Amino acid sequence: MQRDWPEVWGGLILAIVGIGAALYAGQNYDLGTLRQMGPGFFPVAMGLALSGFGLFIALPAFWRGGEGAQFDGISLVLVLAAVLVFGLALPRLGLVGASFVTVLIATLPAQRRGWLWRGVLALSITLVTVLVFHLGLRMTLPLWPRLS
Amino acid sequence: MSTWESLLLGLSFALQPQILIYCVLGVLLGSFVGVLPGIGAMAAISLLLPLTFYMSPEAALIMLAGVYYGAQYGGAVASILLRLPGTPQSAVTTLDGYPLTQQGRAGLALFTAMISSFTGAMIGIVVLVVLAGWLSALATRFGAADYAMMMIFGLVAASTIGATRPVKGFAMIALGVLLGCIGTDVNSGAQRFTFGQAELLDGLNLVALAMGLFGVAEVIANIRNPERQKTAARISMRSLLPTRDDLRRIPLPILRGGALGSFFGALPGTGSTLSAFLAYATERRLSRQPERFGKGAIEGVAGPEAGNNAASITAFTPTLTLGIPGDPIMALMLGALIIHGIQPGPMMLEARPEMFWGLVASFAIGNLLLILLNLPLIGIWIAMLRIPFNYLYPAIIVFLCLGVYSVRGLTFDIVLVAGIGLAGYLMTLAKLSPALLLLGFVLGPLIETNLRRALLVARGDPMVFLERPISAGFVFAIVVLLLFPLWRLWRRKA
């Protein structure tokens, strides 16, 4: 039987996050009293509630049939990589370099392939970005890669 | 000030060229993004939010509001032509809009969607004007306990009404509230969940959260989605014109949809998506030939489109008069206002009348612009639906990274977007609603502050929530909402 795995895992992760948050808050922050709640009261209560809800999602799903979700790992990894690279490259490669590299990575999972297409798209998006953010909004950003 | 004087003040404010231009820009950008399937009003507002940092708060609010209701107009286009809802609010429109397209009557469906949206919005504006004065008078009697219970009611309503499994909504809200705890606790000064990161002292960045959940996650889910690769066929201008029979069918559904939408839009926790569903169900129930629905009944386009647009206008009532956002989009709007240094609430009508009434006037102007522009621009919107997603999403990624960076100038926030995007994508796989997470994130700190204040004043006695009439009313409503799914479950088994 095909189980509803996305819900099982989703519920379990939520339950673990909830328990973790409640434990961490309970150990590190003052709970206080009902009259004078401390900073720990709300996070502990919410963490416990979340872990309860998470189990409530996961357990019934374990015995119930469901359709497996369409998990697209390649797109996931490459899009996240594109975002991370942009964040890391912006201070070093400047707006032009970071935009160009990010678009190249982002187009890797696209259905249309070919490096010429990627290059042209990266150049045009970089151009639009510079026009909008540098010339239009005058954001203070390094434009070109630092050579030193 | 009488209502007429206030409206005139608003109109003269909103018609200033430096405000009007942002209203036009907002509705155009909103339509543009709304037309694109998979990018809803949430993503549109969070993408454009950083651009508003360079404007006055009034212009920013008017532009973001324009983006919101502009996206509703645009959302219907993709629903009707491709059976891909451009926004979640227009998902119901696919039910009868797409069959009309298959019958070669796409023009009629588009025309009806626009005229219904416009009329629905106008009904919403009237209701908003009436309600706002009344609510802000009532709000002066609201205490901390009442605020806390009203917000909790909103959260419970948002996750139970219309949901098949409320526990999933509760979980997302609890997670959102937990994320909202991150940062410095305003009551005690303690630093919660910051793990020594200075970047987290002010809490998670709202824009980073919204971009990750609605930008990155939606891009990932759409890249290789075969549905998303469809493109639209051309239609002729002549096919936009309705026949006499169509004209006879649409006025009543529009009025009913507008009334329903106005009501549910103003309630906390319910919003334009629910209004559209209810309007559709109402039309089908009232119809003499319910079997026509789902096969291209024009009433099934008119009712929901009027409903979701009316709701998108009246949803501003609790946000602006009480400072309590009723739905996730309003939560984002409230977050935007707070970034601009404005705390909406009962005092706003008194302290900044030009902002409130200017916004109301801009609703009328913006909707008028939308209907005047969208009919001639329909060809452009269809051309946009012919752009493959492959060309669009790399640009979306670059823009959202820059947008997040522009808020505080920290690359930390861009890294955060990647992490939140991962979580958001996993949520869509498990069919968990990121919109409810955002609602919990914005309301969480407000609820905590008001709960703590109420209990402090009452010396720790929880009965305070039942002794105050307003608060007790909300407690009663919460109990009803929680018991209703149980009752339904019990009836099904019996």
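Which helix of chain B holds Ala477(B)? Ala477(B) sits in α22, a helix of chain B that covers residues 469-493. The model is predicted.

**Contact between chains A and B**
- Chain A contributes 56 residues to the contact and chain B contributes 49 residues.
- On the side of chain B that touches chain A, at least two residues each come from α8 (166-181), α9 (206-223), α18 (389-408), α19 (411-429) and α20 (434-457).
- The largest share of that side, 11 residues, is supplied by α18(B).
- Sorted by class, the side of chain B that touches chain A comprises 36 nonpolar, 6 polar and 7 charged residues.

**Packing of α7(B) and α20(B)**
- Helix α7(B), residues 144-160, packs with α20(B) at an angle of about 150°, and the two axes are 8 Å apart.
- Angles over 145 degrees count as roughly antiparallel, so α7(B) and α20(B) are roughly antiparallel to each other.
- The crossing of α7(B) past α20(B) is left-handed.
- Residues of α7(B) in this contact include Ala144(B), Tyr147(B), Met151(B) and Leu155(B), and those of α20(B) include Leu436(B), Leu443(B), Asn450(B) and Arg453(B).
- By class, the contact of α7(B) with α20(B) has 16 nonpolar, 4 polar and 1 charged residues.

**Ala477(B)**
- Ala477(B) has 17 other C-beta atoms within 10 Å and is therefore partly exposed; a buried residue would need 20 or more and an exposed one 12 or fewer.
- Between Ala477(B) and Gly180(B) the separation is 297 residues in sequence and 25 Å in space, C-alpha to C-alpha.

Terms used. Residues are numbered from 1 along each chain as its sequence is written. Chains are lettered from A and ligands numbered from 1 in the order in which they are written. This is a predicted model: local features need pLDDT of at least 70, side-chain atom pairs count only at pLDDT 80 or more; totals for chains, interfaces and linings use all residues. Two residues are in contact if their C-beta atoms, placed from the backbone, lie within 7 Å. Helices (H or I, at least four residues) and strands (E, at least two) are DSSP runs, numbered from the N terminus. Ala, Val, Leu, Ile, Met, Phe, Trp, Tyr, Cys and Pro count as nonpolar, Asp, Glu, Lys and Arg as charged, and the others, Gly among them, as polar. Axes are lines fitted to C-alpha atoms, for helices over the stretch in contact, and angles run from 0 to 180 degrees between N-to-C directions. Angles under 35 degrees count as roughly parallel, over 145 as roughly antiparallel, 65 to 115 as roughly perpendicular and the rest as oblique. A crossing is left-handed if the near helix is turned anticlockwise from the far one by less than a right angle, and right-handed if clockwise.
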